[in-house]
Amino acid sequence: MIRGIIFASCYVYSPTGSGAASERSRLLRALLKASDAHFIFKYAVRVRQQVADNSALAGFLCPNNVLIPIPGSAPPVAGAVSVAEHLALALLEEGLGLSIWRGLHRIYAVRKSATAAPGSRPTVGNHYDSFAIEPVTELPQQVVLIDDVVTKGRTLLAAAARVQEAFPSAEIRAFALLRTMGFVQEVEQLLDPCIGEIRWRAGDAYRTP
């Protein structure tokens, strides 16, 4: 298993906070999960502004990155576009990537973490086994995995392990628009860009911050 990856996120999400910012974060997540392309594009513009400004995201998403959207929890219905792919397309349109590679797939469904009890959420190994990579002839040098929400980081870590097998010399990083703040009672603001790390430790994924 890959030891760890660097990740970035732009906004925070509080599942249980009671304040106004926490309530807005839950609305933001709900709108994101609805996969509205216009809404997602609006937030991709804000991500580009954060990358361009002197923020924590400055320089993280670059025009020469190959963007790999993380598949949903189940194999896709023909013609469907996942939230992560909508986000990757919007980021690409904003000049924050070179191209999109859709060669990472789910070959069977895993339980959705959002609806699973804490003890029954998919492990890194469950995600890893459910992913497959299409055969490739060209190896990108800089890869950014794109997801809508990161919680512990199990999905991203498992995806990174699969991608590393296909692209052993590539630099692999990850970006999620939202990061879950499950152990924080309250968040003060939604916009909170950060760069952190997801590491493989003691058989599980650990995200900081």
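Reader: Which strands does helix α3 lie across, and at about what angle does this helix run to β6?

Author: Helix α3 (residues 83–93) lies across β2 (66–69), β3, β6 (142–150) and β7 (171–180), and runs at about 125° to β6. The angle is taken between N-to-C directions on a scale from 0 to 180 degrees, with axes as lines fitted to C-alpha atoms, for helices over the stretch in contact, where contact means heavy atoms within 4.5 Å. Helices (H or I, at least four residues) and strands (E, at least two) are DSSP runs, numbered from the N terminus. This is a predicted model, in which local features need pLDDT of at least 70 and side-chain atom pairs count only at pLDDT 80 or more, while totals for chains, interfaces and linings use all residues. Residues are numbered from 1 along each chain as its sequence is written, and side-chain values use heavy atoms, with hydrogens and water left out.

Reader: What makes β3 and β9 edge strands?

Author: The open sheet has seven strands in the order β3-β2-β6-β7-β1-β8-β9, with mixed pairing. Its edge strands, β3 (99–100) and β9 (204–208), each pair on one side only, and two strands pair if DSSP finds at least two bridges between them. Strands β1 (residues 4–13) and β8 (residues 191–201) meet that condition, with seven bridges in the antiparallel sense; Tyr 11 stands opposite Leu 191 in β8.

Reader: How do you know whether the span of helix α5 agrees with its number of residues?

Author: The expected span is 1.5 Å times one less than the number of residues, so the 13 residues of α5 (residues 154–166) should span 18 Å, and the end C-alpha atoms, 19 Å apart, agree with this.

Reader: Why is α5 called mostly covered?

Author: Of its 13 residues, 11 are buried, a word that means under 20% relative accessible area, with exposed over 50% and partly exposed in between (1.4 Å probe, protein chains only). Phe 131, in strand β5 (residues 131–133), counts as buried because its relative accessibility is 1%.
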